[in-house]
Amino acid sequence: MEAELQRVGRSIQAAFPGRTRNPLRALDQKAMELASQDMELRAALFRFVDVTPACRSLDDLARHLTGYLDEVDTRPPPIEAAMKMSGTKAGRTALGAAAAAGVRRMAHRFIVGETPRDALRSIRHLWEQGAAVSVDLLGEATVTEPEADRYAARCLDALETLGEAAPRWPERPVLEADSLGPLPRVNLSAKVSALTPLLRPEAPDVGRDDAARRMRPLLLRAKELGAHLHIDMESVDTLEATMDLVFELLDEPDLSDGPSTGIVIQAYLRDSPDQLERVIDWAGRSGRRPPLVVRLVKGAYWDHEVVEARQHGWTPPVFEQKRESDRNFEALTRRLLEAWPHVRPAIASHNLRSVAHAVACNRELGREDRDLEVQVLRGLGDDLAAALAGHGMRVRIYCPVGDLVAGMAYLVRRLLENTSNESFLGDQQRGVPIEELLAAP
Amino acid sequence: MTVSAPPTTDFRNEPILELRRASARESLLAALRELDTRLPLSVPILVGGDRGAAEGVDSTDPGAPQRLVARAGRASEDDAAAAVDAAVRGFRDWGARPAAERAEVLRGAAARLRERRLELAALQVRECAKPWPEADGDVCEAIDFLEYYAREALALDRGRPLVQAPGERNTMRYVPRGVTVVISPWNFPLAIPCGMTAAGLAAGNAVVLKPAEQSPASAGALADALHAAGVPHDALALVPGYGDAGAALVRDPRVHVIAFTGSAPVGLEIVRAAAETAPGQDHVKRVVSEMGGKNCVILDSDADLDDAVPEIVYSAFGYAGQKCSAAARVLVHEAAADTLLERLAGAVRVLEVGQAESFATEVPAVIERDAQERVLRYREAASDRLAASAEPVPGEGWFAPPSVVAGLPEDSPVNREEIFGPLLSVTTVRDVDEAMDVVDSLPFALTGGLFSRSPTTVERVAAWSPVGNLYVNRGITGAMVGRQPFGGNRRSGSGSKAGGPDYLLQFVEPRVVTENTMRHGIPVE
């Protein structure tokens with residue numbers, strides 16, 4: 001299998017699109033490079049991006065920017081120039097305008113539109129290029145009932161808007177069916193924490209029930225529209241509530257035969273093998289059709305989990321070495337693929353090795369390529385998506401939708417990921433040789 | 001003198017339970033079921049190893065007042081005098097022991113509390129209506145105090161380096177003061193009496209502990225742990241009872257240190273009474289006081305409300321606002337005011353008010369009928385400015401609905417006086433400078449909060465703020481031993497920081513010895 005993995009990996013790598021020569025993208029790339037080289041500068045830039053939507057004027061924006069940069073010891077020349085501009089009101093306005101434009105541009109790279117309607121053009125374009133999407137509605141934290149209701153209403157609107165537009169998209173057989181049957185064109189990912197203000201780690205049932213009350217109508221509508229509704233996973237604090245919510249809702253008679261839906265397993269969690277077994281066990285017992293889609297991810301809340309655990313004196317629930325997570329990801333990939341056809345596997349990773357491993361493993365088990373889905377994030381996995389689509393694989397791009405205020409937490413997480421020295425994408429951009437990129441973890 | 005790493009470098013806070021795991025929650029519920037079979041507990045007066053009366057003070061469950069949690073003795077003035085008699089005797093032995101031996105005893109007591117931590121948390125649920133996360137946190141803090149002060153006492157025992165000149169040897173050492181009276185509140189029924197008692201004992205003093213009448217059983221458990229670990233009975237007496245016993249202890253001319261945590265009126269009265277020097281009293285009493293607060297959170301226009309709203313809600317309404325550190329006021333920049341108030345109000349409306357034993361409960365009953373009436377009185381005074389409230393609340397038990405009021409005039413008593421309950425007042429200000437003026441106008445200076453993402457604003461407020469503990473971009477409660485030494489300034493306290501490196505200095509007196517090392521013109525060092 002290792003030989004097949006290497007072959008698949010090289011073949012996907014060869015299909016990566018050439019570097020775009022878009023000057024704006026090159027500028028972002030430059031900023032990212034600067035940020036990944038200097039931790040202080042990185043912190044300053046992220047704090048600035050984070051505060052952008054809360055600034056009241058260009059002047060306010062520039063004052064914040066220089067406030068952060070002032071804490072950076074060694075400032076590269078472009079940053080020094082920015083500091084000089086901030087001495088005058090006119091300079092600050094110009095600096096603020098330039099910085100705001102930069103943040104908007106970066107946000108656009110990761111976020112497809114402010115509303116589902118705004119995003120339709122981009123989504124259709126991706127579909128035509130051979131990639132499906134899952135739409136994720138970005139939002140501020142839900143701390144009140146009206147906020148939870150608004151998020152539910154936005155989910156409903158997204159289902160309706162996409163449901164109305166999707167029939168007009170051209171046929172893309174790879175994206176529309178696997179050997180178990182048809183796959184919905186419309187695919188929405190929803191967050192349990194956004195559907196209730198009551199989610200608390202020490203009382204998971206309270207939030208679970210309140211979120212279920214809002215999730216149920218969404219699932220029923222998705223069923224009527226023939227759409228897929230995926231329930232995202234967040235931090236460990238909400239894991240128990242999320243898992244319980246999914247199983248309890250899907251066991252209800254109205255929902256036991258649809259819609260297509262899914263859950264997420266985070267491979268960076270030490271307990272993730274048990275969690276996956278629980279999902280597979282449930283899927284086997286329920287015999288649900290269409291089968292539950294299980295999206296396997298590494299997990300996006302690593303820093304949060306480690307810091308929270310350290311502050312409380314707990315053993316972190318996540319693997320602390322990236323290599324351990326990568327190994328676990330491969331083990332869980334195999335387990336997930338073996339569980340087909342009780343579940344539909346979706347492998348979500350930008351790591352070429354992880355993706356090639358899933359493809360090779362699936363083939364080794366005698367399964368068809370179309371019974372495996374690969375998922376990537378908009379803005380980070382676009383090149384990988386194009387390469388996979390070129391190989392006739394089914395790839396789905398996770399596309400956040402929302403305005404800049406709502407999207408900021410998401411954007412900062414993506415930027416952190418993109419500038420992390422540990423990330424696969426970083427290695428790839430630095431031109432690490434293919435042997436290393438595909439080496440076993 | 002050899003310089004070695006301070007002993008506190010190996011100090012680690014006791015990990016709180018991981019309540020997001022079902023198994024941890026179940027273990028606490030099992031401990032509560034077990035405790036319930038033993039109620040009411042008996043808490044006798046404990047002086048010199050004699051178990052005195054265990055009646056006169058009834059401790060009940062604030063959420064279900066018909067439930068009797070403990071029957072405790074009611075110490076008289078004679079009992080107080082007998083306790084000081086014993087402490088005078090006990091001090092001779094305990095104060096003479098090596099610091100390392102005393103430290104070991106305290107760490108032994110920490111181990112005993114650790115073994116009983118589930119049961120002790122359950123006791124706070126019943127005795128003080130403390131919800132589980134906070135009850136567990138309180139037990140951990142008690143353990144932390146014992147571990148921390150044990151290490152700090154060792155550091156103190158080494159004295160401090162002085163400037164040395166040829167022909168002389170200068171040494172500075174710290175010795176215990178004598179009899180220490182601890183008067184403790186009910187809101188942290190184990191941690192606060194434990195902190196003050198552990199500090200007194202670690203420094204070598206004998207302690208007389210007078211716990212609040214609302215929570216004698218938790219204090220009884222503390223005394224049991226300390227005695228079982230090896231603190232002699234003469235060196236630690238427990239005198240449950242009311243204010244008359246406390247006042248008698250404060251007046252006693254043989255008392256050297258009074259460590260008090262509680263309300264400002266009582267604290268100021270103690271300061272006044274302790275200043276009187278009785279005939280024959282050959283020392284000045286020292287008062288270590290930790291009193292109230294009117295704690296303000298400043299929220300600037302660039303604050304992240306996603307973070308700020310839940311943190312403010314917890315700071316104001318966690319344990320029904322009955323923490324000295326709790327948020328009483330929010331001073332919000334006018335540009336953020338409407339959004340903040342809307343979100344804050346919505347978040348308060350969904351607060352779960354109920355019995356402390358339910359993990360769902362966020363806001364429990366307040367401690368007693370008087371407290372309930374006090375909170376409702378202030379709420380009534382501000383009823384025309386009520387922005388949100390979580391209602392209805394359970395009919396039985398001392399419940400008060402968590403409420404937010406907005407736009408009260410600056411001179412409203414709701415804005416000026418300590419309420420010590422679930423009532424939060426929001427005031428819109430022009431900018432951070434106006435917010436600082438409001439903070440400056442208050443007599444208290446315990447904790448404060450600031451939500452801002454501007455480094456210049458953070459630095460400006462930090463440099464200026466009079467409060468003892470300023471929290472930036474987080475909640476303003478939950479100080480951790482060793483990490484956030486805790487204590488207020490102005491009328492909030494004497495400025496000492498519990499759980500910090502200076503705290504023990506108040507329980508000792510410094511002595512300097514200078515020895516001439518010249519003999520016949522020759523240094524003989």
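Which residue in S9(A) is the bridge partner of Ala346(A)? I looked this up first, and Glu373(A) is the partner.

**Ground rules**

I am working with a predicted model: local features need pLDDT of at least 70, side-chain atom pairs count only at pLDDT 80 or more, and totals for chains, interfaces and linings use all residues. Residues are numbered from 1 along each chain as its sequence is written, while chains are lettered from A and ligands numbered from 1 in the order in which they are written.

**Entry 1: strand S9 of chain A**

I stayed with S9(A), residues 373-377. Helices here are DSSP runs of H or I with at least four residues, strands are runs of E with at least two, and both are numbered from the N terminus. Five of the five residues of S9(A) are buried, so the strand is largely enclosed by the rest of the structure. I call a residue buried if 20 or more other C-beta atoms lie within 10 Å of its own, exposed if 12 or fewer, and partly exposed in between, with C-beta atoms placed from the backbone.

I then checked the two faces. In a regular strand the side chains alternate between the two faces of the sheet. On one side of S9(A) I find Glu373(A), Gln375(A) and Leu377(A), and on the other Val374(A) and Val376(A). Both sides are covered.

**Entry 2: the neighbours of S9**

I looked at the pairing next. Two strands pair if DSSP finds at least two bridges between them. S8(A), residues 343-348, runs parallel to S9(A) and is joined to it by three bridges. S10(A), residues 394-401, also runs parallel to S9(A), with five bridges between them. Leu377(A) has Tyr398(A) as its bridge partner in S10(A).

I followed the chain from S9(A) through H16(A), residues 382-390, to S10(A), and this β-α-β crossover is right-handed. By right-handed I mean that, with the strands pointing away from the viewer, the path from the first strand over the helix to the second runs clockwise. S8(A), H15(A) (residues 352-364) and S9(A) also make a right-handed β-α-β unit.

**Entry 3: helix H16 of chain A**

Which parts of chain A do the buried residues of H16(A) pack against? I find helix H1 (2-14), S9 and S10. The buried residues in H16(A) are Leu384(A), Ala385(A), Ala387(A), Leu388(A) and Ala389(A). Just after the helix, Gly392(A) takes a positive phi of about 75°.

**Entry 4: chain A as a whole**

I counted 19 helices and ten strands in chain A. Its C-alpha trace spans about 70 × 55 × 55 Å along the principal axes. Buried residues make up 47% of the 441 residues. With 441 residues, a compact globule would have a radius of gyration near 22 Å, and chain A agrees with its 22 Å. That radius is taken over C-alpha atoms, and the globule rule is 2.2 Å times the number of residues to the power 0.38.

Chain A is divided into domain 1 (38-108) and domain 2 (112-437). The bounds come from an automatic or database domain assignment. The domain centres in chain A, taken over C-alpha atoms, are separated by 33 Å. Eight residues of domain 1 are in contact with nine of domain 2. Contact means that the C-beta atoms of two residues, placed from the backbone, lie within 7 Å. On the domain 1 side, H3(A) gives the most, with four residues.

**Entry 5: chain B**

I turned to chain B, which is divided into domain 1 (45-291 + 493-511) and domain 2 (295-472). The centres of these chain B domains, over C-alpha atoms, lie 31 Å apart. In chain B, 17 residues of domain 1 are in contact with 20 residues of domain 2.

I also checked where the chains meet. The contact takes 29 residues from chain B and 29 residues from chain A. On the chain B side, H11(B) gives the most, with four residues. That side divides into 14 nonpolar, five polar and ten charged residues. Ala, Val, Leu, Ile, Met, Phe, Trp, Tyr, Cys and Pro count as nonpolar, Asp, Glu, Lys and Arg as charged, and the others, Gly among them, as polar.

**Entry 6: Glu77 of chain B**

Is Glu77(B) buried or partly exposed? Glu77(B) is partly exposed, with 15 other C-beta atoms within 10 Å. I place Glu77(B) in helix H2 (residues 77-94) of chain B. Leaving out residues up to four places away in sequence, Glu77(B) touches Asp244(B), Ala245(B) and Ala248(B).
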